[in-house]
Amino acid sequence: MSQPARFSKPKMLPKKDLPQLRVISPGDDIQPQSGIEMTPELEEEIKRRSAELESATPQQILKWAVERFAPHFTMATAFGPEGMTIIHMLSEIAPETPIFNLDTGYQFKETLELREQVKVRYGIEVEYKRPDLTVEQYEELHGGPLYKTNPSQCCGDRKLKVLVDAVKGKHAWASAIRRDQSPDRAKAPIVGWDKKFQLVKISPLANSTKAEIWNMILDHKIPYNPLHDSGYTSVGCWPCTRAVGAGEDERAGRWSGTAKTECGLHSMDD
Ligand code: SF4
C-alpha cells in the first residue's frame, strides 16, 4: 500500500510556530475530565449489570447503555467491522448517539471514505477528533515520523490525548472489542470501569465472534472497509498496518515487528 499523497511532502515549519504538546503515552498519568465519578454504588451497579448482560444480545446491551447514560453516552470508531456493526445497531436504537473517529492524520483513504458511506447510509455524521498538530507539524517537531521510533508516544499524542478531550463530560463509551481478538481483550467485561479515561466502558460485542460479525455485515449489507478483502484483517493507521498471511492472528498486522499490540485505548491492565 503506497503512502497517501497528502502525507508525502511534509511542509517545514519554523519551530517557533509549532504549538506546545502535552505528551501522553500509554501508561502515563493522564488527567481525564469525564463527567462521572466512581462510587461504591456505581461499582456495584457495573458489576451487577455486567453479569446480567452476559447473556444479552448486543442490541439489548446497547439499549440498556442508551437508556442508562444518554445523552452522556458516546462511541469512538475506527470504522472496523465491529464498529460498523455497532453503528448499524445504533442507527436503529439511538441514531442521535454522538460517534467520533480519532483522525490521527495517518488513516487510510479507504477508512476515511467509510465515514462518508455512514453518512449516506445512516444519516449519521461521525465527528472527526484531531490532534492539535497536523502530521506535517508533528513530524517536523520530532525530526521525522515518530511511528518509526516511538509508536507508543505517537499513539499517545495522536489518539489517547485526543480521546481524553473527546470524552470530556461524558459518562460512558462503547467499545467494539471482542474477547476472542487477543488474550488481553479476553478480559473485557460487558460493562466495566475504564480507569484510564474515568468512564463506564460498554463492550456489546465482547461475546461475539468474528464469524457472527461478518454474517451480520453481509446479511444487512453494512458498509465495510474494502481493505479487509485484501488481507487487512485489522485496519489502523497506514504506517502501522500490514495485510496478514494465512494462519496469522487477525491483529498480527498491527505494529508488526514490534512488541506493541495495542494503541493504549483498550489495554485492560491500565
Ligand atoms: Fe502513530 Fe502508528 Fe499509533 Fe497511528 S497507529 S498513532 S501512526 S504509532
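A crossing of two helices is left-handed if the near helix is turned anticlockwise from the far one by less than a right angle, and right-handed if clockwise. By this rule, the crossing of H2 and H3 is right-handed. The model is predicted, with local features needing pLDDT of at least 70 and side-chain atom pairs counting only at pLDDT 80 or more, while totals for chains, interfaces and linings use all residues. Residues are numbered from 1 along each chain as its sequence is written, and side-chain values use heavy atoms, with hydrogens and water left out.

Helices (H or I, at least four residues) and strands (E, at least two) are DSSP runs, numbered from the N terminus. Axes are lines fitted to C-alpha atoms, for helices over the stretch in contact, and angles run from 0 to 180 degrees between N-to-C directions. The axes of H2 and H3 cross at roughly 55 degrees and come within 10 Å. Angles under 35 degrees count as roughly parallel, over 145 as roughly antiparallel, 65 to 115 as roughly perpendicular and the rest as oblique; H2 and H3 are therefore oblique to each other. With helix H8 (residues 210-219), H3 packs at about 55 degrees, the axes being 10 Å apart, so this pair is oblique too, but its crossing is left-handed. Helix H4 (residues 109-122) packs against H3 (residues 81-93) at about 20 degrees, with axes 11 Å apart. H3 and H4 are therefore roughly parallel, and H3 passes H4 in a right-handed crossing.

Phe-79 lies in the loop between S1 and H3, and its phi is near 65 degrees, a positive value in a residue other than glycine.
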